[in-house]
Structure formats: C-alpha cells, structure tokens
Amino acid sequence: MKARVHVMLKNGVLDPQGEAVRHALGAMGFDKVTGVRQGKVIDLDLAEGATEADVAEMCEKLLANTVIERYEIELV
Amino acid sequence: MRAAVVVFPGSNCDRDLAVAFEQAGFDVTMVWHKDASLPEKLDIVGVPGGFSYGDYLRCGAIAAQSPICKAVVEHTVRGGYAMGVCNGFQILTETGILPGALLRNAGLKYICKTVGLTVATSDSVFTQGYNAGDVIGIPIAHHDGNYYADDETLAMLRDQDRVAFTYTENPNGSRGDIAGILSENRRVLGMMPHPERAADAGHGGTDGAALFRALAGVLTPA
C-alpha cells in the first residue's frame, strides 16, 4: 500500500514562498493568479497491515507541525 | 556548575556555545544526539545553532525526535534549565517545550548581521543581567527565524511576561517582533539571535556575555 500525504501551511499563516511564486507569475504576465500557497507532498510505501490511523499518527508526530501546518492523507 | 551542549549532525554553533558557558564558569560536557541520557546533576543544557540533520523536512523536526531530545524534554519536565539558540530554538518549539514555530523569513533571504534587541523582561535567570528596556546588539544568522504563534498564544506570552527579547527593527517578519521567549516556568529560553557570538571581545561585541554570566551560580541542577 502507498499513502500520499499533503502538507500545507494553515490558512492565515504567511507563506512567503507562495507569495514569491505569485509575484513571479505576475511578472511573467500571468495576471489571473490571485494567490499561491506552496506545500509538500510526501509519498510513503507502507507494509501490509498499515492503516490510515498509522499514517495520521506519523503526521501528528513528525510529518506535519500542526502549530503551522495541516495535512491530508490519500491512500493510493 | 555543569552545563551540557547537545551536538547533532549539522550543528555548527556547539563549540561557540560551550566556550560561552566555560567563560561564565561552567564545566561543559558535549553530548551526542544518539546519547539517550544527559549527564547527572546538570545545571543547564544548551541546544546550539546549526543545521541539524540538514534541516530536512522542517528545521529542527528530525532533531526533536532524536534520543537526546527525549532526555532534554525529560530534563525540562523535571524543572531543569535549558536554552536553545537559533536551530536550538527551532528544535525546542518542535519538541513542544516552547510554543509557536519558526517560519521562513518574510523576505525569503538568509540574514546574517548584528541586530538590535530590546530586553523585554529581566524576570528570568537568562535576562536578569540586563534591565528591561535595555537595547543590546546580538548577531542573527538564519533563514527560518520568522516567529509564528496564533493570537491566543501571543496573548498568553505577553500576559505571562514570557517574551524575553524583541527586535528593535523586525528583520524576518516575526509576530510581535519576537526574538526570544521563555517557558511557563521561566527556566527554558529559546531565541533566534546568537548571544554566544557576542560573548568575547574578539567577537566585536560582548552584549551577550551578561546572559551567560547571569546564569553562573544561580541555577539548581535537575
């Protein structure tokens, strides 16, 4: 089994990198972009028997910092 | 007086922090990240700056899960003293010992320069060598020093007088201009600026020396 974890800064937490990408897109002429948020995708190869709850625990303890980030788990 | 300084793969301010403790009169033991315990009868543990574990995932995230950090957490839970500088501050927030998190600098640039800090409280062993309101010059050297905490946490830090230092001119976007904070029992300090880089005349400034001098003789081992 594989799991894909998406980690994004929470709404309201400033994302300077996303802002820089937005500025760059604007400078290139892509004037229809009103906001950019940048995050991480982490792919996990899981052994038999692993559950979504296991992945959630990994997110809580290491993969995301829940002070500033939210995460979504996708089992694939 | 006994101090320990933690060394992670990628730490680069560990020796500077050790020298600052030594000059203040501490016997210093370096402890490796794989060690599962700290020396006994330890007055204070220092978590140094650098790029622990290459700053992979998030600054301080992997270090916070290392065996020695579990021992550091236990030490602080027992009421032991600790200070984290720069990457050490990031690690202490990742362990949950200190609230908040350090984000990428608002200007996206790595900043390395001496900045002005206002001593926000003199009510801690770390800041008692200064007067509240003093302005001191201490170097910063970081890419991810933009202190973030939610409104509720910021209000709590202010209400409990736990902001140790603020920037006179905010270099990185930190909320509330916060450069350093204290734990609830005031025995743990985390700060992005490097007092150990302003602790000897050879550094070009000695405004950080008072922090280390003030620790000497007042700590109790945990």
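This is a predicted model: local features need pLDDT of at least 70, side-chain atom pairs count only at pLDDT 80 or more; totals for chains, interfaces and linings use all residues.

Modeller: Start at Glu196(B). Neighbours within four places in sequence are left aside here. Glu196(B) is then in contact with Cys13(B), Asp16(B), Leu17(B), Ala20(B), Val85(B) and Gly208(B). Glu196(B) lies in a loop of chain B, between β11 (188-191) and α5 (209-215). Is Glu196(B) buried or exposed? It has 31 other C-beta atoms within 10 Å, so it is buried; the cut-off for that is 20 or more.

Why pick this residue? UniProt, in an unreviewed entry, places the feature "active site" at Glu196(B), together with Cys86(B) and His194(B). These three are spread over 111 residues of sequence, yet they cluster in space, with a largest C-alpha distance of 10.9 Å.

Now Cys86(B). It also sits in a loop of chain B, the one between β4 (81-85) and α3 (87-95). Cys86(B) is buried because 31 other C-beta atoms lie within 10 Å. Its contacts, again leaving aside neighbours within four places in sequence, are Cys13(B), Gly49(B), Ala141(B), His142(B), Met192(B) and His194(B).

β4(B) is mostly covered, with 5 of its 5 residues buried. Tyr81(B), Met83(B) and Val85(B) point one way from the strand. Ala82(B) and Gly84(B) point the other way. Which strand pairs with β4(B)? β3(B) does, in the parallel sense, over 4 bridges. Within that pair, Ile44(B) stands opposite Tyr81(B).

Follow β3(B) back towards the surface. The loop between β2 (27-32) and β3 (44-47) of chain B holds Lys41(B). Lys41(B) has a phi near 50°, which is a positive value in a residue other than glycine. It is exposed, with 10 other C-beta atoms within 10 Å. Asp161(B) is another residue with a positive phi, near 55°, and it is not glycine either. Asp161(B) lies in the loop between α4 (151-159) and β9 (163-167) of chain B. With 14 other C-beta atoms within 10 Å, Asp161(B) is partly exposed.

The largest nonpolar core has 75 residues. Val6(B), Phe21(B), Val45(B) and Ala164(B) have the most contacts inside it. Beyond four places away in sequence, Ala164(B) touches residues including Ala120(B), Phe126(B), Ile181(B), Leu182(B), Leu189(B) and Met191(B). Another core, of 6 residues, lies apart from the largest one; among its members are Ala3(A), Leu63(A), Ala64(A) and Tyr71(A).

Step back to the whole of chain B. It has 5 helices and 11 strands. Its radius of gyration is 15 Å, close to the 17 Å that the globule rule gives for 222 residues, so chain B is as compact as a globular protein of that length. Along the principal axes, its C-alpha atoms fill a box of roughly 40 × 35 × 35 Å. Of its 222 residues, 54% count as buried. Take the contacts between residues at least 6 apart in sequence: 74% of them join residues at least 24 apart.

Last, the partner chain. 13 residues of chain B are in contact with 9 residues of chain A. On the chain B side, they divide into 6 nonpolar, 4 polar and 3 charged. Within chain A, Ile42(A) is placed in strand β2 (residues 40-45). Ile42(A) is partly exposed, with 18 other C-beta atoms within 10 Å. Leaving aside neighbours within four places in sequence, Ile42(A) is in contact with Val5(A), Val7(A) and Leu63(A). The C-alpha atoms of Ile42(A) and Leu63(A) are separated by 8.3 Å, though 21 residues apart along the chain.

Key. Residues are numbered from 1 along each chain as its sequence is written. Chains are lettered from A and ligands numbered from 1 in the order in which they are written. UniProt positions are given in the numbering used here, feature names are shortened, and annotations may be inferred rather than shown by experiment. Helices (H or I, at least four residues) and strands (E, at least two) are DSSP runs, numbered from the N terminus. A residue is buried if 20 or more other C-beta atoms lie within 10 Å of its own, exposed if 12 or fewer, and partly exposed in between; C-beta atoms are placed from the backbone. Two residues are in contact if their C-beta atoms, placed from the backbone, lie within 7 Å. The radius of gyration is taken over C-alpha atoms; the globule rule is 2.2 Å times the number of residues to the power 0.38. Ala, Val, Leu, Ile, Met, Phe, Trp, Tyr, Cys and Pro count as nonpolar, Asp, Glu, Lys and Arg as charged, and the others, Gly among them, as polar. A nonpolar core is a set of buried Ala, Val, Leu, Ile, Met, Phe, Trp, Tyr and Cys residues joined through C-beta atoms within 7 Å. Two strands pair if DSSP finds at least two bridges between them.
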